[in-house]
Amino acid sequence: MIKLENISKAFNGEQILSDIGITYEQGKTNLIIGASGSGKSVLTKCTVGLIQPDTGKVFYDDREFTALDSKSRQEIRTEIGMLFQGNALFDSLTIEQNVMFPLQMHTDMKSDEILERVNFCLERVQLTGVNHKYPAEISGGMQKRVALARAISMKPKYLFCDEPNSGLDPQTSIVIDQLISEITKEYNMTTIIVTHDMNSVMEIGDKVIFIHKGRKWWEGNSDSILSTNNKELSDFVFASSVMKRLVDKK
Amino acid sequence: MNLLSHIGKFSILIARAFSKPEKMKIFRRQLMFEIDSLGIGSMGIIAIISFFMGAVITIQTSSNIDSAFIPAYTVGFTVRQSMILEFAPTIIALILAGKVGSNIASEIGTMRVSEQIDALEIMGINSASYLILPKITAAVIINPFLVIISMFIGMAGGYIVAWGTGIVTTSEYLYGLEYDFKIFGVYYAIVKTIFFAFIITAIPSYYGYYTKGGSLAVGAASTKAVVTSSIVILLVNYVLTQLLLI
C-alpha cells in the first residue's frame, strides 16, 4: 500500500498539485487519469521521490518515504519497478543486459541464476528470441514489454507505469494492460498506472482516481465512472465518441 | 543562472559521483569500457596532432634562428621543451575537451532527456556515481599515458622533418632533445594532465546531467560543456604554471 497525505507542489509560483491525499491499494491496479497538464506525472514523480513535494507525506506501507535520507530512499526504491512513458531502456545494453541490470546491481545472485530470472521475466511478458538485440532493433510494443520485464525483474512490491500505452496500437495496448493486470495479481503488488487511455480504465481499473487542475477530483472504479455526475470527469471520459456510443447503447 | 549557483550544483554532483560504487565488479567493467572509449579511442587524433605539432615547431624554430651564436641543437631543445611543458599536456587537453567533452555531455544529456537517468534513480542506483565516476577515473588514469605518448610522437615528428628536409642535422636535433633535460618538466606535465583530465570529464558530465528539454537542449549542453571546459583548462593551466614553475 502507498499512501499520500496532503501533497502539494508548485513550480515558479504556479500551483501544480494542491493538497492531494490518495491511498493506493495493494494487489490492485490503481489508475490515475486526467487531462494533459493536470499534474498526473508530477504526482507520480513526487510519489517516487524524483521530485520533492513542497508539503505532504508519502508512505510506503508504514515507512514515511518523504522523511528518509537518500540512502534509505534508495533501499525502498529497490522495491519499486517503473515503466516509463518512453521506456527508458539503456541504448548501449542488449535486451538481456537491460533486464539483468537491476539484478546485477542489487543482488548477489550468480550469473546463471540471473540469466534464468531474466529469461523467466522475458517469457512472462511473452518475449523470446530477442535477448541479444538492442532496444533500437525491436518495435515499440516489444520495447514496452522489455521495460516491463526489467521493472518486474526484482519482484517489486510497487509498480509504477507512466502512460504504458502511449504510442502503441490498440491491440498491443490491450496486451500490455493485461500483462500489467496479471502481474499485479501474481505478485500482489501495489500498481499505479498514469494514463488517459479510457480502454485501460475500463479493462483494468480496479481503482480510478481523476486528477483535475492539480486536485483529486474524483475516486471510484471502472464501473462507477460511467454513471458519474461529476461534470469535469464526464467531460473527460466522454470526450471520446466511442465511450459516448458505448454508454448510449447500454 | 549565476556562477556561484553553477559551482554549488557542480560540487554537489561531484560529491555524489565520488561516493562508493554500489558494485565494484560493475564499476571495474565500466572503467575498462571508459578507458577504451575515452583513452584508446583518442589515440589516433592525438598521434596526428602531436606529429604535426613537433614537425611545425622544428620548422618554425629553425627558420627563426639567424644568429650564428645560437647553436643548431636549439631546435631539438625547443621542440622537447615545448612538447613537454605545454603542447602535449595543454593542447591535447583542449583537443580532448572537444572530442571527449562533447561526447560525454551528449551521452549523459540524452540519457537525461530520455528518462534513463530517472530509471537508474528509481532502481535505487546512484546515477551520478554510476555514470560519472568511471569517466573521471578513466581519464585520470589514461590521460597521463596519452600525454607521454604525445610527447614522444611530437619529438619524433620533429626528427622526421629534420631528417627529411635537412634544416637541422638529425644528430644535432637529437643532441638538442637530450640537452639539459630535467625530469621535473615531465612531472609538471603529468600534474597538469591529471587536473585537465578531471576538467574534461567532470564539466561535460555536469552539463549533460542537468540537461532539460529535448534534442536541442542536448546540443546546447554539449556546446556549453566544450566552451566551459576549454576556458577552465586555460585558467587552471595558468594557475598551475604559476604555482609549479615560479
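## Two domains in chain A

Which residues does the domain assignment of chain A give to domain 1 and to domain 2? Domain 1 is written in two pieces, 2-79 and 156-249, while domain 2 covers 91-155. Keep in mind as you look around that this is a predicted model.

Where the two touch, domain 1 of chain A brings 11 residues to the contact and domain 2 of chain A brings 10. On the domain 1 side, helix H6 (residues 170-187) of chain A gives the largest share, with five residues. What kinds of residues make up that side of domain 1 of chain A? Eight are nonpolar, three are polar and none is charged.

## The sheet in chain A

Now for the strands. Chain A has an open sheet built from six of them, and you can follow it in the order E6-E7-E8-E3-E9-E10. The pairing is mixed. Strands of a sheet pair through backbone hydrogen bonds, and this can be done in parallel or antiparallel fashion. At the edges you'll find strand E6 (80-83) and strand E10 (215-220) of chain A, each of which pairs on one side only. Going from one strand to the next, the twist averages 20°.

Which residue in E8(A) is the bridge partner of Ile33(A)? That would be Thr195(A).

## A helix across the strands

One helix to pick out here is H5 (residues 140-152) of chain A. Helix H5 of chain A lies across E6 and strand E7 (158-162) of chain A. Helix H5 of chain A runs at about 170° to E6(A).

## Over to chain B

How many helices and how many strands does chain B have? The count is nine helices and zero strands. Walk along chain B from the N terminus and the elements simply read α-α-α-α-α-α-α-α-α.

Taken along the principal axes, the C-alpha atoms of chain B fill a box of roughly 70 × 40 × 35 Å. Chain B has 246 residues, and 43% of them are buried. There's also a number for how its contacts span the sequence: take the contacts in chain B between residues at least 6 apart in sequence, and 87% of them join residues at least 24 apart.

Definitions and conventions. Residues numbered from 1 in each chain as written. Chains lettered and ligands numbered in written order. Predicted model: local features only at pLDDT ≥ 70, side-chain atom pairs only at ≥ 80, totals over all residues. Helix = DSSP H or I, 4+ residues; strand = E, 2+ residues; numbered from the N terminus. Buried ≥ 20, exposed ≤ 12 C-beta atoms within 10 Å, placed from the backbone. Contact = placed C-beta atoms within 7 Å. Domains from an automatic or database assignment. Nonpolar A, V, L, I, M, F, W, Y, C, P; charged D, E, K, R; others polar. Pairing = 2+ DSSP bridges. Axes fitted to C-alpha atoms, helices over the stretch in contact; angles between N-to-C directions.
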